[in-house]
Amino acid sequence: MALETVRQSDTCTVIKVVGRFDFSCHASFREAYTGAPSGSEFVVDMGEASYMDSAALGMLLLLREHVQQQGGRVSITNCRGQTYDVLQIANFHRLFKIAQ
Amino acid sequence: MAETDAKSVREALREYEASINAATSMIRGDLERARTMVRDATARLSRSFDALHNAAASQRAALQSVATAFYDSEGNGRSFASSTEALMRQFVDEVVRVSRDSVRIIDQLADLSQRVSGIVVSADAIDGLARETRFIAFNARIETHRAGDAGRTFKVVADEVKRLANASSTLSNQIRQNVSECNTQLAQVHKTSAGLASHDLSRAIESHRGLSGAIAKLDTVNQELDGMLETVSTSVSEAVRALQFEDMVTQILNATVQRVERLGEFSVRAVQIMERAPQGDRATPLTALVEEMRTLGDRVAVQQSTVDHGSVELF
């Protein structure tokens, strides 16, 4: 488990998940978005994530709530394998812009 | 001599007539048996094919009822498969909702923890004040010593100030202890919430995949079954149509019986001519008879009205 947060610009933050995306990422994940300027765009890059559980889904939902309050946008990219299946079974396609 | 010969000829002719009649009736009997055998065999085959057709139809109905129980193509949500899928979706939604709320509680715990840390800072500040107050009380006490008797009453005040400073320290220690207990409990809630938030969804994915696979498989089997039953149905119809050869065989056998009977009749008439007509008058009726016998070779039209329309001349 690891998170790499890259502030691409003042308005766009990329949160890159490496390895397991579960509760152990919670603190750093929250930190990654609470500090961002309001109206920011967030991209959660799942390219190097090997696994995600329901805690990760809960964190994504809270990120979405935060972003909606701030008037920003959030998308999830590079989903494949187990992470793609989890997002699909949870019907996250209705809530997020998801790219494979 | 000639009379004896004529008598022998008559006897021979009578025997010939009897033999012809016996042979004709034997052939008629054989043909009748053949006709019965063909009819029975056809009836039995027809019944077998009907039974086969019915068995295939009930097999199809049984399999279709199983398929319908699992998979409802109209998707009205009553079938086993769609209700299971809905239940699974509801379950996953619930798990995700609980996870989100648990993570939210943990976020709130973090904020709460920060505020609790603020209380410790305040307790430390109270400690600082108590230390300063104690120092002031200590200094006041020294001053009362110097003042001697005049400072005696002030010494009581200084002691009281020291007692209050110590009480403040005790209070701040109590606050710190309470905060520490509070932190222990917060950590416990944190741990419990983290457990509530974390669920592996692999099994749900596997189940969902299994269910989708089973539905797809049933769909394929259902389609294949439709094709197979169509084939069985076509084959049975084809066989039933082919069985109509019985009709043709019966027509041929009937024609043969007629022919054999006419052959017998002709023979009897020939014998009668030989027997009854005077010797010089036999040629004309015999020639007429032979002429009539030629019609035996006429073809017999066999009707094939059901197999395909029109008639086919087989003889």
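**Entry 1: ground rules**

Residues are numbered from 1 along each chain as its sequence is written, and chains are lettered from A, with ligands numbered from 1, in the order in which they are written. As the model is predicted, local features need pLDDT of at least 70 and side-chain atom pairs count only at pLDDT 80 or more, while totals for chains, interfaces and linings use all residues. I take helices (H or I, at least four residues) and strands (E, at least two) as DSSP runs, numbered from the N terminus.

**Entry 2: the sheet of chain A**

I started with the strands. In which order do the five strands of chain A lie? I read S1-S2-S3-S4-S5, an open sheet with mixed pairing; two strands pair if DSSP finds at least two bridges between them. Strand S1 (2-7) and strand S5 (97-98) of chain A are at the edges with a single partner strand each, so one side of each has no neighbour in the sheet.

Next I went along the sheet pair by pair. S1(A) and S2(A) run antiparallel and are joined by six bridges. They make a hairpin, with four residues between them. I noted two facing pairs here: Glu4(A) is opposite Lys16(A) in S2(A), and Ala2(A) has Val18(A) of S2(A) as its bridge partner.

S2(A) and S3(A) are parallel, with nine bridges between them. Val14(A) has Val43(A) in S3(A) as its bridge partner. From S2(A) the chain passes through H1(A) to S3(A), a right-handed β-α-β crossover (right-handed if, with the strands pointing away from the viewer, the path from the first strand over the helix to the second runs clockwise). Another bridge partner in S3(A) is Ala49(A), which belongs to Gly19(A). The chain then goes from S3(A) through helix H2 (residues 54-70) of chain A to S4(A), and this β-α-β crossover is right-handed too.

Strand S3 (residues 41-52) and strand S4 (residues 73-77) of chain A pair in the parallel sense over five bridges. Glu41(A) is opposite Arg73(A) in S4(A).

I also looked at helix H1 (residues 26-34) of chain A, which lies across S1, strand S2 (12-21) and S3 of chain A, at about 10° to S1(A). Such angles run from 0 to 180 degrees between N-to-C directions, and axes are lines fitted to C-alpha atoms, for helices over the stretch in contact.

**Entry 3: helix pairs in chain B**

How do H2(B) and H3(B) cross? Their axes come within 8 Å, at roughly 165°. That makes the two helices, H2(B) and H3(B), roughly antiparallel (under 35 degrees is roughly parallel, over 145 roughly antiparallel, 65 to 115 roughly perpendicular and the rest oblique). The contact of H2(B) with H3(B) has 29 nonpolar, eleven polar and six charged residues; Ala, Val, Leu, Ile, Met, Phe, Trp, Tyr, Cys and Pro count as nonpolar, Asp, Glu, Lys and Arg as charged, and the others, Gly among them, as polar.

Then I turned to helix H5 (residues 245-276) and helix H6 (residues 283-293) of chain B, whose axes come within 10 Å and cross at roughly 175°. This makes H5(B) roughly antiparallel to H6(B). On H5(B), Phe266(B), Arg269(B), Ala270(B) and Ile273(B) meet Pro285(B), Leu286(B), Leu289(B) and Met293(B) of H6(B). By class I noted seven nonpolar, no polar and one charged.

**Entry 4: where the chains touch**

How many residues does each chain bring to the contact? Chain B gives 20 residues and chain A gives 17 residues, where two residues are in contact if their C-beta atoms, placed from the backbone, lie within 7 Å. On the side of chain B that touches chain A, helix H2 (80-147), helix H3 (152-197) and helix H4 (202-242) each supply at least two residues. H2(B) gives the most, with ten residues. That side of chain B has ten nonpolar, six polar and four charged residues.

Last, I checked one helix pair across the contact. Helix H3 (residues 81-89) of chain A packs with H4(B) at an angle of about 75°, their axes 10 Å apart, which makes H3(A) roughly perpendicular to H4(B). Gln82(A), Asp85(A), Val86(A) and Ile89(A) in H3(A) meet Ser202(B), Ala204(B), Ile205(B) and His208(B) in H4(B). The classes here are four nonpolar, three polar and one charged.
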